[in-house]
Amino acid sequence: MVQILVLTALAAVLPLITAQQIGTQTPNVNPSLPTWKCTTAGGCIQQNTSVVIDWNYHWIHTVNGSASCTTSTGVNSTLCPTEAVCAQNCAIEGVDYASAGVTTSGNALTLHQYVQSNGVTSNASPRVYLLGADGNYEMLQLLGQELRFDVDVSTLVCGENGALYLSEMLATGGRSQYNPGGASYGSGYCDAQCPVQNWINGTLNTGNEGACCNEMDIWEANANATALTPHPCEGDTCDKSGCGFNPYAMGNTSYYGNGGTVDTLKPITVITQFYTTDGTTTGTLSEIRRLYIQNGKVIKNAVSTSGLDSITASWCSSSDATAASLGGLTTMGQSLGRGMVLIFSIWNDNGQYMNWLDSGSSGPCNASEGNPTLIESKTPGTYTTFSNIRWGDIGSTFDQGTGGGSGSSSSSSSGSSSSRATSVTSITSVRSATTTTASSRAATTTTASNGGTAGHWSQCGGVGWAGATVCATGYTCQAQNPYYSQCL
């Protein structure tokens, strides 16, 4: 069911506070995306969920006019000298989701890298979050549980990344006296890259803080490569690289791809299981396992040249010193136990062409195929679709005998359906179809330089960045995602 922000309810909660205004020009209507929560005893029960696009995609303007509260170099300092004044002067509007590259149909969510309007192609690169019926984010507690979804990556060429992941955001999106909209307007984003943005939890980021939090990358993929990666954090220190499992990088180069064991030109069901040492939902995370389903058959995960077929606590800590120093899977498991927000995005990388995912030792793509300019010119219709999203007890979200449906015959009729809203595009060769695109986990443009020089590892760009965009001698500014570029 479509979720509409109820302003009177918010007013009742915050009656005495002058808050950032809710705009009246574009209604905030969050597209419905039903999901299912499953148990081995009771089957799968449909959840009244929807999606909301990130805060930065919303138009923020003067309360009694149409002047933008943001500029090419950040936030308008006259309108927004402080959090309080900014909240008084500015209002946030709803979003036309289709024009932002987001469509839903039944239980399917489709994200488009590019959109066209009046013959002009623009880079949409949307990022959306799963929203609960109460206007807060749906908090998935997956410790000792599993997550299942269907995905179409058939048009995601080299350089594209159709991502589904978890971040430990606040359930309310940071709803406060200066941010009454909160999660319903997509505020509060954070991840293990600690992006520095104009807004943090929906209010002016006066302290130039990075938004750091635990991140679990369930699915970063295109038709040529895929990666599963935990990124634990302790405070503002995060494991930015992570101890990831990429079948190609692990030595199994024919497992995933066009015509592979997991054939990326066909619909794929992806199941990720989070096992604990004692088999409970309160124990210590010890292993992250991956299964796939295609053509009604369960496919076990790829096996690396060393015999590894999952992410184990011991392997993660031994292969990733940063992960070990931050508690590794134990820390990641604690975050999964507390609850994390489910995030969907499509993006490309103007700085590194997504080579870390699909080129060199990580995949079959060449070093330049991921150039976003090539993607836009050759395959501007690239998209990804996520559907039939279910989570719950291990073994409850799918039939382990046939690979279909849920894990229990007692599932409700609404919970057992898994229709696909969009068909898989038939392509003879995704890699040859074209090359890549540009952007990253969220928006599309970087800001102009505000002077000065950024040092090694410092931020040098991204949506809303108002600092230096020129790196010190010997380093170049490389985009990590739309909100964060770094001197490397």
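**Notes on the predicted model**

1. Let's start with the surface. The protein chain exposes about 17800 Å², and carbon and sulfur atoms supply 50% of that area. Keep in mind as you read on that this is a predicted model.

2. Now the overall build. You'll find nine helices and 37 strands in the protein chain. Of its 488 residues, 57% count as buried. If you take the contacts between residues at least 6 apart in sequence, 70% of them join residues at least 24 apart.

3. On to the inside. Nonpolar side chains tend to be buried together in soluble globular proteins. Here the largest nonpolar core has 76 residues, and Trp219 and Phe344 are the ones that touch the most other members. Strand 31 (residues 340–348) gives this core its largest share, seven residues. Apart from it there is another core, this one of 13 residues, including Ile22, Cys69, Cys80 and Ile92.

4. Phe344 deserves a click in the viewer. Beyond its neighbours within four places in sequence, Phe344 is in contact with a list of residues that includes Leu33, Val51, Leu109, Pro126, Arg127, Ala163, Phe386 and Ile389.

5. Last, have a look at Gln273, which is found in strand 27 (residues 268–276). Is Gln273 buried or exposed? It counts as buried because its relative accessible area is 6%, under the 20% cut-off. The side chain of Gln273 makes a polar contact with the side chain of Tyr275, at 3.3 Å. Leaving aside neighbours within four places in sequence, Gln273 is in contact with Gln145, Glu146, Glu287, Arg289 and Phe398, among others. The C-alpha atoms of Gln273 and Ser310 are separated by 9.9 Å, with the two residues 37 apart along the chain.

Notes
Residues are numbered from 1 along each chain as its sequence is written. This is a predicted model: local features need pLDDT of at least 70, side-chain atom pairs count only at pLDDT 80 or more; totals for chains, interfaces and linings use all residues. Side-chain values use heavy atoms; hydrogens and water are left out. Helices (H or I, at least four residues) and strands (E, at least two) are DSSP runs, numbered from the N terminus. Buried means under 20% relative accessible area, exposed over 50%, partly exposed in between (1.4 Å probe, protein chains only). Contact means heavy atoms within 4.5 Å. Accessible areas come from the Shrake-Rupley method with a 1.4 Å probe; for residues, only the protein chains shown count as cover. A nonpolar core is a set of buried Ala, Val, Leu, Ile, Met, Phe, Trp, Tyr and Cys residues joined through side-chain atoms within 4.5 Å. A polar contact is a pair of N or O atoms within 3.5 Å; within protein, one must be able to donate a hydrogen and the other to accept it, and residues adjacent in sequence count only if both atoms are side-chain atoms.
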